[in-house]
Amino acid sequence: MSRMRRSLRTYVWAVIAIGAGGLAGSFAAAPPRLSTRSLTVTLLLTSLIALAYAAPLTVGAKRRVIPDTALHLLAIALLPPPLSAAAGAGGAMLGNTYLRRPAFNALFNAAQVAVSLRIAAAVYRALAPSANGDSLVLAALLPAGLALYLVSTLAVDGATAIQRGRFQLRGWLSAHAASLETHALLVAIGIALAPAVALAPWLACVAAAPALVLGWMQQARLRFETELVEIAEELADTVEPRAGQRPDHSRDVAALVDAVARRCKMSDADSRSLTLAVRVHHLHNVVRPDDLLAETGLQRGERRALRRDHPEAVAAYATAVFGLRRVAETLRFHHERFDGRGEPFGLAGKDIPLGSRIFVACEAYAALRAPGEHRPALAAPRALLIAHAGAGTLWDPDVIAALSSVVQDEAAAAGTGADRAVAGARTAAQGGGA
Amino acid sequence: MTQLFALATLAFAGREQRPLSPDAMTAWLRRLCRRERRIRRLLWSWAMLTLIWLMPLSPLAASRLPASAAIAVGGFSLVCGALLITLYRVNSHPRAAYAALRAEERPTTR
């Protein structure tokens with residue numbers, strides 16, 4: 001383990017040495033002609049690259065992208081090679097320092113940026129020897145962008161390979177498919193923006209502004225959504241007693257649902273959205289008058305209609321008021337039955353979303369475990385027997401199996417001997433089913 | 001910023017609004033989300049328009065204008081972006097606004 005750590009450290013120091021040595025060497029070998037324009041562009045691009053680290057964009061499934069590739073391309077196109085490498089490395093160093101990354105990591109990052117920019121600039125100059133900051137050869141920027149990607153990816157992959165002790169060349173392309181797409185898009189944007197920035201270097205600020213502003217917007221949006229969810233949960237807590245639920249009912253069901261969702265191998269994001277659905281599934285009652293909530297003075301048909309419309313009503317409320325679309329999707333189907341005799345859509349089997357199937361089974365189990373109007377709370381083994389009896393008709397058998405194992409684990413963790421009773425109930429139910 | 005926004009909400013909230021009914025609360029939340037969505041769309045539109053203007057796609061593109069005009073238009077775009085992101089950040093504090101609304105609900109001795 002320590003040998004692996006030592007080789008990783010050696011590798012990182014080697015990259016840092018190559019980056020720093022290459023940068024110093026290129027300044028010594030071909031000192032760039034320093035003009036006000038080249039210095040302005042260098043300083044601007046360094047600052048903008050550093051800012052790009054402060055506002056990474058979130059794309060796809062919560063993948064964070066630092067949009068510095070487009071700025072690197074601009075640096076290659078507009079600056080002499082040593083200055084472009086210096087701008088990239090300086091920006092990376094400042095950005096990493098802003099993010100409070102360890103100095104070792106910041107140095108490695110800056111060095112690999114310097115190396116990749118140096119090689120990409122060499123590719124660009126080799127393909128377009130006449131190019132300088134004023135006359136651009138846009139077609140030559142494309143291979144330069146490819147070189148930039150390959151060198152920086154290989155430098156990072158080298159470190160990962162040493163850490164893991166193996167380098168997987170076979171799965172390399174599939175592993176990088178998503179990042180390659182984003183990189184290609186950023187390269188295209190960089191190439192398209194180069195003529196405007198060549199015209200007036202200050203336009204680099206305008207070119208970088210959309211990515212920076214969208215990054216800040218995404219950060220603010222994340223906070224907005226988090227705070228909105230907190231408000232929704234607070235409102236749900238206040239409305240639960242009014243809807244005839246005992247306090248903390250939805251919290252208990254949410255905890256159970258979370259455990260079962262993990263047992264069913266749901267992703268973290270799906271599991272979070274599902275538990276939120278459980279927490280807020282009476283939220284629309286906040287706008288209902290008390291007598292309607294208590295269902296007093298209602299005819300049987302009216303009461304039935306109210307219950308039938310409940311999933312749609314709460315889904316519509318969650319979407320319209322809180323913008324919780326994924327949560328609404330779960331809520332819309334949480335009164336469906338596995339055999340297709342549920343409401344309001346009559347979906348059957350796997351047509352019902354997994355989240356809704358877990359929700360309905362766990363809520364029923366929690367209801368059995370809580371004292372009812374005319375009965376005491378059922379013990380876990382008895383409640384599980386009933387749950388198994390309804391598997392395949394009311395509830396998804398796979399979900400019930402997951403629920404059983406969760407309950408059994410909980411009982412075993414409690415160490416009261418109830419786990420044996422639960423296991424017995426599970427076996428009895430399975431035996432009965434067979 | 002959060003506290004400032006909460007104070008601003010308190011200062012501008014109508015005294016006759018209390019106590020806040022669930023319907024009013026729902027309407028407020030709906031309005032908040034709608035406003036956030038609108039500003040977000042505006043921000044995306046602004047970002048796309050700025051990028052398209054910077055690309056050499058039309059006769060009015062930045063690279064085809066005189067440098068001074070390009071800088072003027074670019075500056076205007078930056079100001080617009082700054083205004084929009086400020087507006088978005090001010091409107092993305094539902095917790096503070098909600099706390100201010102709840103504070104308004106409490107009976108006063110006035």
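Start in chain A: select helix α3 (residues 68-78) and helix α8 (residues 177-199), whose axes come within 7 Å and cross at roughly 45 degrees. Axes here are lines fitted to C-alpha atoms, for helices over the stretch in contact, with angles from 0 to 180 degrees between N-to-C directions. The crossing of α3(A) past α8(A) is right-handed: the near helix is turned clockwise from the far one by less than a right angle.

Show side chains at this contact. From α3(A), pick A:Thr69, A:Ala70, A:Leu73, A:Leu74, A:Ala77 and A:Leu78. From α8(A), the partners include A:His183, A:Leu186, A:Ile189, A:Gly190, A:Leu193 and A:Val197. Contact means C-beta atoms, placed from the backbone, within 7 Å. By type, the residues of this contact split into 13 nonpolar, three polar and no charged. Nonpolar covers Ala, Val, Leu, Ile, Met, Phe, Trp, Tyr, Cys and Pro; charged covers Asp, Glu, Lys and Arg; the others, Gly among them, are polar.

A note on the model. It is predicted, so local features need pLDDT of at least 70 and side-chain atom pairs count only at pLDDT 80 or more, while totals for chains, interfaces and linings use all residues. Residues are numbered from 1 along each chain as its sequence is written, and chains are lettered from A and ligands numbered from 1 in the order in which they are written.

Next, select α6(A), residues 138-164. Its 27 residues should span 39 Å at 1.5 Å a residue, and the end C-alpha atoms are 39 Å apart, which agrees. The expected span is 1.5 Å times one less than the number of residues. Among its buried residues are A:Leu141, A:Leu148, A:Tyr149 and A:Ala155. Buried means 20 or more other C-beta atoms within 10 Å of the residue's own. Just past the helix, check A:Gly165: its phi is positive, about 85 degrees.

Now move to chain B. It has four helices and zero strands. These are DSSP runs: H or I of at least four residues for helices, E of at least two for strands. Of its 110 residues, 25% count as buried. Among contacts in chain B between residues at least 6 apart in sequence, 81% join residues at least 24 apart.

Last stop: the contact between the chains, with 32 residues from chain B and 32 residues from chain A. On the chain B side, α2(B) gives the most, with 13 residues. That side divides into 18 nonpolar, eight polar and six charged.

Definitions and conventions: Buried ≥ 20, exposed ≤ 12 C-beta atoms within 10 Å, placed from the backbone. Contact = placed C-beta atoms within 7 Å.
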